[in-house]
Amino acid sequence: MDTMTLPGLDDTALGHVERLTLSADEISALALSLAHLGAGPQAATARRALAHLAERGGPDLAVLLTPLDPDTARRARVLAQAITERRVVRLHYADERNRVSHREVEPVTTLVHRDHWYLVGWCRLRRGVRAFRLDRVLAVEPTELPAHPHRPDRYLPFQGKQAA
């Protein structure tokens, strides 16, 4: 899903209907914010609002509407802060074969692909763009190291590449 266009209000005074278009990055940011809110009343209300948007816009946002487990939610908050502050994080990551690696990553964005959340960033160990499934991140440590600015639209690892 690249964008979601939502029906707007019919403004008869202007003679047209205003529509709201959200980019995939904006949808992911909203959903990640909801995901790491947990299961409290504010999170439930926010998820209902996002579900209403999905109903009006059409795409299936089931993964976006499901709360992350508490440990993954805590790691997601650290990652969100690192993205905002443009700071490097140290990831302890288990791949699909359960091999653990320790990496410094310049986090760029988060996204949902199929049924999983991913952190997308520049992996300093592999010297390239990598996607890390959030449920395979064992631990994340913030650092004071500055990350280089990266444009999220250039970090689309699922277009012909596999996740890390």
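Leu79, Val89, Leu91, Leu119 and Phe132 touch the most other members of the largest nonpolar core, which has 16 residues. Such a core is a set of buried Ala, Val, Leu, Ile, Met, Phe, Trp, Tyr and Cys residues joined through side-chain atoms within 4.5 Å. H4, S5, S7 and S9 each supply at least two residues of this core, and H4 gives the most, with four. The model is predicted: local features need pLDDT of at least 70, side-chain atom pairs count only at pLDDT 80 or more, and totals for chains, interfaces and linings use all residues. Residues are numbered from 1 along each chain as its sequence is written, and side-chain values use heavy atoms, with hydrogens and water left out.

**Sheet**
- Five strands make an open antiparallel sheet, ordered S8-S7-S6-S5-S9; strands are DSSP runs (E, at least two residues), as are helices (H or I, at least four), numbered from the N terminus.
- Strands S8 (128–133) and S9 (137–146) are the edges, each pairing on one side only; pairing requires at least two DSSP bridges.
- S7 (residues 116–123) and S8 pair over six bridges, and Trp122 has Val129 in S8 as its bridge partner.

**Helix on the sheet**
- H4 (residues 70–85) packs on the sheet and touches S5 (87–94), S6 (100–113), S7 and S9; contact means heavy atoms within 4.5 Å.
- The direction of H4 makes about 25 degrees with that of S9, where axes are lines fitted to C-alpha atoms, for helices over the stretch in contact, and angles run from 0 to 180 degrees between N-to-C directions.

**Loop residue**
- Asp95 lies in the loop between S5 and S6.
- Asp95 counts as buried because its relative accessibility is 15%; buried means under 20% relative accessible area, exposed over 50% and partly exposed in between (1.4 Å probe, protein chains only).
- The Asp95 side chain reaches the backbone nitrogen of Arg97 at 2.9 Å.

How values were computed
Polar contact = N/O pair within 3.5 Å; in protein donor to acceptor, adjacent residues only side chain to side chain.
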